Amino acid sequence: MLRRAVGKSLAFAGFTIQYGCIAHCTLEYIGELVVCSGPSMEPTIINHDLVFSERLSRHFYTIKKGDIVIVKSPFDPRMNICKRVIGLEGDKVCTSSPSDTFKTHTYVPKGHVWLEGDNLRNSTDSRAYGPVPYALIRGRVCLKLWPPPSFGRLSKSPTGRIIPRD
Amino acid sequence: MAAMCSHVRSSSFRVKCCRRQVGMAQSSAFGRRCARAFVSGFFVAVPVTVTVLDRLAYIARVEGASMQPSLNPEGQTTSDVVLLSRWSVRDYQVQRGDIVSLLSPKNPQQKIIKRVIGLEGDLVKTRGYKNRYVKVPDGHFWIEGDHHGHSLDSNSFGPVSLGLVHGRASHIIWPPHRWQRITPSIPGGCALLLHRDRLPPSDQDD
């Protein structure tokens, strides 16, 4: 009687460990679901949208300019921020806002990326805290899942701040 | 008699054929069972191993001379192998004096191993950085290699975000004569000027 109970609980523990490890591998190496909050990516991503963020681009280093990424916040590693990549290492980015008379530029240092939200007026991003290390990127947002009317791929940058490399 | 012999011969031939067929069926069933056991074992072993290496601890060889004499004191001849604990940094809790491995801010594909000198809010004295004194911002920390001058650390690239921390070196496990537990210790000529608890309270700013 006791042996059967012990056997069953061991089997249950083994089952939990195995499926827990498979879940960890999926979330860490394939992709995860993310609920976005805040206005900084409007109109592309609105408050309380559910998106799918894939991890493969981050592990294979194929994040490109114009991708929307989920990044660990540089000031609080337990928080995540969702922004668009405006420049990769070596790219030229504009640090002044569109309303300034004199435009200033800078080059993104090695190993870093420049992030900006789509809602430039209401976004704290690299314009405030500077370039962010690439290794803080968690994943690339590739698909919006909720709400159903806006299901599908996400649109390209509406701000026109990406300077093409020539 | 000849007919009986041939009958016997043919039946023994049929028995031999049958036995060979049964033998082949058994070996293919055995092969299938082997393949199934291998596949199911694979699907258990690989996720469990990957999860253990990601969440609990992993082992790495230390390259370079930036942490001499604490790590790699012999230099080119033998490299130390350390056990790095991922579990103890799961909540980004590091202490001053810990040796940690982190993803390099200059190259995301590389991990570097350095000592934590200052945490957020501390005032550190730098060697060769653009500012002589630096107050470590929120969510960042200041790292230095023990071998000053031979180390690419915060003195080159400034305070590092805590999100880059990968693991805490807890033990040296190779070579055998260097087996030891690594304890947090700040080396002499310390760069930590003022612990954040001793700094006067600053005005609240956004």
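**Entry 1: chain B, elements**

I looked up the secondary structure of chain B and found two helices and eleven strands. Helices (H or I, at least four residues) and strands (E, at least two) are DSSP runs, numbered from the N terminus. Read from the N terminus, the order in chain B is α-β-β-β-β-β-β-β-α-β-β-β-β.

I note that this is a predicted model, where local features need pLDDT of at least 70, side-chain atom pairs count only at pLDDT 80 or more, and totals for chains, interfaces and linings use all residues. Residues are numbered from 1 along each chain as its sequence is written, chains are lettered from A and ligands numbered from 1 in the order in which they are written, and side-chain values use heavy atoms, with hydrogens and water left out.

I find that chain B has 206 residues, 37% of them buried (under 20% relative accessible area; exposed is over 50%, partly exposed in between; 1.4 Å probe, protein chains only). I took contact as heavy atoms within 4.5 Å. Of the contacts in chain B between residues at least 6 apart in sequence, 61% join residues at least 24 apart.

**Entry 2: interface with chain A**

I count 23 residues of chain B in contact with 22 residues of chain A. The two chains bury about 2,000 Å² between them, and 62% of that is on carbon and sulfur atoms; buried area is the accessible area (1.4 Å probe) that two parts lose on being put together, summed over both. On the chain B side, B:Tyr92, B:Lys106 and B:Pro108 lose the most area to chain A, together 24% of what that side buries.

The rule finds one salt bridge across this interface (a side-chain nitrogen of Lys or Arg within 4 Å of a carboxyl oxygen of Asp or Glu). The side chains of A:Arg78 and B:Asp91 form a salt bridge at 3.3 Å, N to O. Helix 1 (residues 2–55) of chain B gives the largest share of the side that touches chain A, eight residues.

**Entry 3: B:His140**

I placed B:His140 in strand 7 (residues 140–144) of chain B. B:His140 is buried, with a relative accessible area of 10%. Its contacts, not counting residues up to four places away in sequence, include A:Pro74, A:Phe75, B:Leu119 and B:Pro159. The backbone oxygen of A:Pro74 is 3.5 Å from a polar atom of the B:His140 side chain.

Definitions and conventions. A polar contact is a pair of N or O atoms within 3.5 Å; within protein, one must be able to donate a hydrogen and the other to accept it, and residues adjacent in sequence count only if both atoms are side-chain atoms.
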